[in-house]
Amino acid sequence: MSTRQKILGMLVLGGLCWDYVIENGGDKGVLITNSINDPYLAADIPGDLICWHQPGSLTAISNITSVEVLSGTGTKIRVIPEKTYTKKNGTFSVDVMVNDVSGLDLADFYLLFNQSKLALIGIPIQGTIWTGSVFFEVDTSTISLGYIKVTGAKFDNSFTGTGTLIEKAIFQSLVDDPTSIIDIGTATLQNIEAGKIPSTSYCGYIYPYNLANFDLLYPIDVIAGRPWTITITAKNQANELVSDYKGPISISSSLGTINSTTGSFTNGISISTITRYQVGTMTIMVNDSQANVSKSTDPIAVRYACDFGRQGTTSSDEKIDIYDLLLFIKYWRTKDLNGDIGGQNQEGDPPYIISQPDGKVDMWDLMLFVKMWRWSNRQKDLSMNYSTPRLFIDPPMIEVDKRSNFKVDVRIENSVGIIGDKINITYDLKKLNLVSVKEGTCLTDCFSYETKEGLITIDGYGGDIEQGAKDGAIATLEFIALTDDETSISISESYLLNNEGKINAYTIENANVSPCGPSYSALFQSIPNPAKSGVWIPYQLSQGGDTKIVIYNIVGQVVKNIDLGYKEKKYYKKLEEGSAAYWNMKNNNGEIVSNGLYFYKLSSGKFSDIKTLAISK
């Protein structure tokens, strides 16, 4: 069968199966389909135009010859980036990209610009489509007239897809207001077999560097040593968000040195983390020297943790004294969250203890206050050689598995002048079994103990009659955990003696025993933030349960559901599989999400919490 017979046969088959329509189109050139999946294919050659409904086909048949229909009716030639912001003497680079083209063998076009506002100072190089054996030429003889001509041709396989025709055409702004366009003129895309490829060109817009001001969101006072954030929003002259602002900015302070981490801008917003280790009043300045824009905060008070202020005022006085104690007692009794100075996780040493508020006023706040109180008063009374004795069980927190042994010390600190003790220690017989009691390293000249149901009584004597005992362990207690329930080992009654009699002023600290794993559930900040290619979400659970994470966009729409299944009581903080949750930044449809701010919510049993993350690819 001849080629012509095959063509006519396919034409008849097309008429029977696909309901083709023959029109007299004349010689209009080759028409291009919108996409490879467009069911309405068309080809025009000298002669008749034939159109038909043929899903998935890439070949149109006429009564004269066959013509390949090039996929990509939507072929575009565009200047990248679409928008550029600059100012006088500022330089920037643009590329020319072709999108969705098939069978490209030759490209010929002009790149036009306003030579009164822009100067081409860097000749473009060939783009990514020109691989293999090519001819590429940039005619720069007309730069002074505001345009250049670019010609390129491929000698081997045609180019199909999306790529750059030229790259790195570098311009410099000659004026303060460079508002203009970089346009594509008389663009010709050619296929050797099919002829000219229809396309649409899109210019690039040049605008003045329009950052006009920053909006700042920040706390009015902060705790020394505790990280906090400042949110910086870029605004234009109309006080509108500059969504594509890139920075850079600098952050400075009027008080001491600054420890800051400046995040990149996402949709015109940057979140920076700042830590200050010097108390007083500071002002933070955010500055962009390139745009000559700066903004300062109002004065921000930096205070020590637990420095609640003088009675009747909230002003910091840079010490922890009786007024702070009175206020803390008030907060403790009323559960006022002004007394919420930190949770269980505490790092560092006084005066810079790092502990985040946990939404309640409890023993962890008391422990932190005691640490800060001792630090402040020790500094004040150092010359007086005075210290308050401390009687405590060490360690204060024990995590242990059921049926496992553990030991605690009954210890004394600041023991100058103490020569004797009597201590009653209680524990829950249903949860703990006492294995042994052994004497420690101090007050052991006359050491004895008695045990009853859930009670240990220790008597000790020792130390120099003038100087008293040395700091250390009075006794070491060994237990076995009988259950997975939380319990405590408590100093229920105690007496400390010096050579003048009983000491009434001393502190007591007990110990809590809990099963291995966290004692409270928490959701932590995603890592990294902002994220570029993937994000880890650490958390911890105090109880096991079915666990899931839901990602929302800024308007509250669900972006991704992550079902983690049943998770037991455990820390899930390690950035690895089987620990922290991982999101590959794809939505429920498997598509990579765009840059911006997102919310992520963790739900497990009765616990749920929500935090924000930023994506900046």
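Leaving aside neighbours within four places in sequence, which residues is Trp364 in contact with? I looked this up first. Trp364 is in contact with Gly342, Gly343, Gln344, Gln346 and Met397. I counted a contact where heavy atoms come within 4.5 Å.

Before going on, I noted the ground rules. The model is predicted, so local features need pLDDT of at least 70 and side-chain atom pairs count only at pLDDT 80 or more, while totals for chains, interfaces and linings use all residues. Residues are numbered from 1 along each chain as its sequence is written, and side-chain values use heavy atoms, with hydrogens and water left out.

**Entry: Trp364**

I found Trp364 in helix α3, residues 363–381. Helices are DSSP runs of H or I with at least four residues, strands are runs of E with at least two, and both are numbered from the N terminus. Trp364 is buried, at a relative accessible area of 11%. Buried means under 20% relative accessible area, exposed over 50%, and partly exposed in between, with a 1.4 Å probe and protein chains only. I then checked Gln344, which is 20 residues from Trp364 along the chain. Their C-alpha atoms are separated by 5.6 Å.

**Entry: helix α2**

I moved to α2, residues 322–334. This helix has 13 residues and reaches 18 Å from first C-alpha to last, close to the 18 Å expected at 1.5 Å a residue. The expected span is 1.5 Å times one less than the number of residues. Its buried residues are Asp324, Leu327, Phe328 and Tyr331. They sit on the same side of α2 because they cover an arc of only 100° around the axis. The arc is taken from the directions from the helix axis to the C-beta atoms. On the other side of α2, I saw Lys330 and Arg333 exposed. Lys335 follows the helix, with a positive phi near 55°.

**Entry: a sheet**

I traced an open sheet of 3 strands in the order β20-β28-β25, with mixed pairing. β20 (221–223) and β25 (280–282) are the edge strands, each pairing on one side only. Two strands pair if DSSP finds at least two bridges between them. β20 and β28 (residues 300–303) pair in the parallel sense over 3 bridges. Val222 stands opposite Val302 in β28.

**Entry: confidence**

I checked pLDDT, the predictor's confidence in each residue, from 0 to 100. The protein averages 80, and 83% of the residues score at least 70. Over residues 1–72 the pLDDT is below 50. Where pLDDT is low, the predicted coordinates should not be read in detail.
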